[in-house]
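Please keep the sequence and the model in view while reading.

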Amino acid sequence: MVELKERTKASLALAKARITRASGSAETLIADAPGQPAGEILRITAKVQNPILVLGTHSRSGLERFFIGSTAEEVLRHAQYPVVTVGPHVTPFWHRKIRRLMLATDLTERSLASLPFLVSLWSSGMRLLVLHVASPDSEITPSSWTDSIRDRLVVALGENEVRKQVEFRLLVDVKLPYAIAETASKAKADLLAIGVHPAKALTAYTSPRTGFQIVMSAPCPVLSVCE
């Protein structure tokens with residue numbers, strides 16, 4: 001245990017140095033209180049004003065998932081603030097700027113919850129792909145599905161910026177999580193935004209929900225807001 005703590009301290013010191021060089025300041029903390037890691041992460045971040053939580057994760061499946069669960073998934077489905085999850089297929093990000101944004105939405109308010117955060121990140125030269133995702137057996141999407149989202153973006157960014165820098169696209173597929181990840185890859189997205197449902201009992205462990213499937217297959221970090 002002592003050796004593990006020392007290795008952890010060394011890793012945190014390296015991370016702090018990198019972050020300090022990039023943004024100017026950083027603090028580190030080792031949370032070794034008894035209990036589940038997800039609960040401890042949520043407890044600590046609840047004390048921070050307007051936090052944005054960034055997590056790394058790796059894949060768990062089958063019995064391992066049932067007995068151990070996924071810390072990132074638990075946090076993802078209980079956090080009351082934006083969470084950026086870096087999945088196993090994301091390449092190193094130290095020298096990469098966020099220029100291409102992608103929002104995957106089923107047009108519900110839940111799936112649009114991350115839109116204000118994307119707007120807050122916006123700077124000149126950025127591009128946004130708004131992807132409406134639907135399964136083949138869903139109701140027919142009206143031709144005017146872009147109107148409400150476009151109106152919100154125009155208010156926030158301006159008509160000219162939306163006309164030049166925002167693209168709207170419809171995606172119909174049986175395997176939506178993987179189709180979304182593939183679209184993000186082809187679009188060379190730097191950040192993918194989604195909305196997620198909160199966890200319900202054991203279902204978060206026994207069958208990965210769409211949100212976490214997207215996180216685990218995405219080629220870029222995933223911003224989620226739990227509604």
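A pocket is defined on a 1 Å grid over the protein atoms alone, as an open set of points with protein on both sides within 12 Å along at least five of seven lines; a lining residue has an atom within 4 Å of a point. This is a predicted model, in which local features need pLDDT of at least 70 and side-chain atom pairs count only at pLDDT 80 or more, while totals for chains, interfaces and linings use all residues. Residues are numbered from 1 along each chain as its sequence is written, and side-chain values use heavy atoms, with hydrogens and water left out.

The largest pocket is lined by 42 residues, and nearest its centre lie Ile19, Leu53, Val54, Leu55 and Gly56. Two or more lining residues come from each of helix H1 (2-23), helix H2 (37-45), strand E1 (53-56), helix H4 (71-78), strand E2 (83-86) and H5; helices (H or I, at least four residues) and strands (E, at least two) are DSSP runs numbered from the N terminus. H1 gives the most, with six residues. The volume of this pocket is about 2,000 Å³, a volume being the space filled by probe spheres set on the grid points, which are joined across faces, edges and corners. Its lining divides into 29 nonpolar, eight polar and five charged residues. Here Ala, Val, Leu, Ile, Met, Phe, Trp, Tyr, Cys and Pro count as nonpolar, Asp, Glu, Lys and Arg as charged, and the others, Gly among them, as polar.

The second largest pocket has a volume of about 480 Å³. It is lined by 25 residues, with Asp106, Arg110, Val133, Leu176 and Thr210 closest to its centre. Strands E3 (100-105), E4 (127-134) and E6 (191-196) and helices H8 (176-186) and H10 (210-217) each give two or more residues to this lining. By class, the lining has ten nonpolar, ten polar and five charged residues.

The largest cavity has a volume of about 40 Å³. Leu101, Leu115, Leu118, Val119, Trp122, Leu128, Leu153 and Leu157 line it. Helix H5 (115-121) and helix H6 (146-157) are the elements that give two or more residues to that lining, and H5 gives the most, with three. The lining has eight nonpolar residues, with no polar and no charged ones.

As a whole, the chain comes to ten helices and seven strands.

Key:
On a 1 Å grid over the protein atoms alone, a cavity is a set of points where a 1.4 Å probe fits but cannot get out, and a pocket is an open set with protein on both sides within 12 Å along at least five of seven lines; lining residues have an atom within 4 Å of a point.
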